[in-house]
Amino acid sequence: MKYHIKAPNNKYDRTLNGVRFSDGVAETDNMWMAQWFSGRDGFSVEEISEKEIEQPDKKPDPGAQFTETISEKTPRAQSTRTKK
């Protein structure tokens, strides 16, 4: 089980008790730490479901379409060798 922890403000960028916060957000799989943070003023803790962990939102790779478009439109180089 993983836990999503939100700090009192979104500028919270530090490590507290071994949990690293960036932009006021951290994740941990340590249930004891999640409980510790939930008892602190201003912190909120949410459980992350197994489905959210297994299937994160996937964004399309913008480079993939660009690569296909370029390769389809780029002519192949002609050989300049002459046959003997």
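**View A. K6 and its partner across the sheet.** K6 lies opposite S44 of strand 5 in this predicted model. Strand 1 covers residues 2-6 and pairs with strand 5 in the antiparallel sense. Five bridges join strand 1 and strand 5. Two strands count as paired if DSSP finds at least two bridges between them.

View B. Three strands build an open sheet, ordered 4-1-5, with antiparallel pairing. Strand 4 (25-28) and strand 5 (44-48) are the edges; each has a single partner strand, so one side of each lacks a neighbour in the sheet. From one strand to the next, the twist averages 25 degrees. Axes are lines fitted to C-alpha atoms, and angles run from 0 to 180 degrees between N-to-C directions.

**View C. The chain from end to end.** Three helices and five strands make up the secondary structure of the chain. Read from the N terminus, the elements run β-β-β-β-α-β-α-α. Helices (H or I, at least four residues) and strands (E, at least two) are DSSP runs, numbered from the N terminus.

View D. Of the contacts (heavy atoms within 4.5 Å) with a separation of 6 or more, 47% link residues 24 or more positions apart.

**Notes.** Residues are numbered from 1 along each chain as its sequence is written, and side-chain values use heavy atoms, without hydrogens and water. In this predicted model, local features need pLDDT of at least 70, side-chain atom pairs count only at pLDDT 80 or more, and totals for chains, interfaces and linings use all residues.
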